[in-house]
Amino acid sequence: MMVFLTGYSYWDNTPAGSAIIGRPVIHDVAGGVGTYTDPVTLAVGWRIYFGWHFEDFAPGTRFYIPRLRKYAIVEDLCGDGPKPQSGPCHIGWNGHTWLDIYVDGSTMTAEVADHCMEQFTGVQAVVINPRPGYRVVPGRIVENNCKVF
C-alpha cells in the first residue's frame with residue numbers, strides 16, 4: 001500500500017525527551033532495530049468516539065518499509081489532544097494513510113534527528129502484514145546514519 005511516512009524522535013515524542021509509547025506490544029518504550037523479531041515502533045492515527053479510543057491500525061500490526069529496509073510494528077499513537085481524529089495523522093496526507101516511525105536519536109541532537117527524518121519523509125510503498133524474510137539493515141534509524149534505499 002502507498003502511505004505518507006514521517007518520523008518522530010526521542011526529542012519530539014510526547015512527552016519530549018522520552019521514548020514513552022501508548023500501545024506497547026513487544027517493547028516497553030519506543031525502539032527496535034527493524035528486524036522481523038525486533039521491529040521498530042510505529043505510531044498511527046486514532047480517533048475518540050463517545051469516549052472510546054480507536055486506532056487506525058490495531059496495536060501489533062506489522063509493516064515492512066522497503067525504503068528503510070525495516071520492519072515496524074504499531075505500538076504508539078500519532079496525534080494529541082481531545083480530537084485526534086481532526087489531526088493529520090488520522091486524516092492522512094493527500095489521500096494517503098499517515099504512518100509515523102520512531103527514529104530514536106536519543107544519543108544525538110534534535111537537529112540530527114530532524115535532518116534524518118527529512119531524508120525519508122514522503123509518499124512511499126509499504127507492505128502491511130509482511131512475511132518474514134525481507135531484506136533488513138538492522139539498527140536504530142538515526143544512530144545508523146538514517147540509511148535510505
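User: What makes D12, E111, D114 and E118 a patch of negative charge on the surface?

Analyst: In this predicted model, D12, E111, D114 and E118 gather on the surface. Asp and Glu count as negative, and a patch joins like charges within 9 Å, taking residues with over 30% relative accessible area and no salt bridge. These four residues are therefore described as a patch of negative charge.

User: Why is E118 called exposed?

Analyst: E118, which lies in helix α2 (residues 110–120), has a relative accessible area of 59%. The term exposed requires a value over 50%, so E118 is exposed.

User: Which way do the side chains of strand β5 point, and are they buried or exposed?

Analyst: In β5 (residues 62–65), R62 and Y64 point one way, while F63 and I65 point the other way. All of them are buried, a term that stands for under 20% relative accessible area. In a regular strand, side chains alternate between the two faces of the sheet.

User: How do you know that β5 pairs with β6 and with β9?

Analyst: Two strands pair if at least two bridges are found between them. β5 and β6 (residues 70–77) have four bridges in the antiparallel sense, and β5 and β9 (residues 127–128) have two, also antiparallel. Both pairs therefore meet the criterion. Within these pairings, F63 stands opposite A72 in β6 and has I128 as its bridge partner in β9, whereas Y64 stands opposite V127 in β9.

User: Why is R69 called partly exposed, and where does R69 lie?

Analyst: R69 lies in the loop between β5 and β6, strands that form a hairpin with four residues between them. The relative accessibility of R69 is 22%. Buried would require under 20% and exposed over 50%, so R69 counts as partly exposed. R69 also has a positive phi of about 50° although it is not a glycine.

User: What is noted about the phi of N129, and why is N129 called exposed?

Analyst: The phi of N129 is near 50°, a positive value in a residue other than glycine. N129 lies in the segment after β9. With a relative accessible area of 57%, against a cut-off of over 50%, N129 is therefore exposed.

User: How do you know that β3 and β4 pair?

Analyst: Strand β3 (residues 46–49) and strand β4 (residues 52–55) share four bridges in the antiparallel sense. At least two are needed, so β3 and β4 count as paired. R47 stands opposite F54 in β4. The hairpin of β3 and β4 has two residues between the strands, and F50 takes a positive phi near 50° there.

User: What makes the bond from T14 to P15 cis?

Analyst: The peptide bond from T14 to P15 has omega near 0° and is cis. P15 lies in the loop between β1 (2–9) and β2 (40–44).

User: Why are β8 and β9 said to stand at the edges?

Analyst: Seven strands form an open sheet with mixed pairing, in the order β8-β1-β7-β2-β6-β5-β9. β8 (122–125) and β9 each have a single partner strand, so one side of each is left without a neighbour in the sheet.

Conventions. Residues numbered from 1 in each chain as written. Predicted model: local features only at pLDDT ≥ 70, side-chain atom pairs only at ≥ 80, totals over all residues. Heavy atoms only, no water. Patch = residues over 30% accessible without salt bridge, like charges linked within 9 Å, V, L, I, M, F, W, Y side chains within 5 Å. Areas by Shrake-Rupley, 256 points an atom, 1.4 Å probe, with all protein chains shown as cover. Salt bridge = Lys/Arg side-chain N within 4 Å of Asp/Glu carboxyl O. Charge placed at Lys NZ, Arg CZ, Asp CG, Glu CD. Buried < 20%, exposed > 50% of the residue type's maximum accessible area, 1.4 Å probe, protein only.
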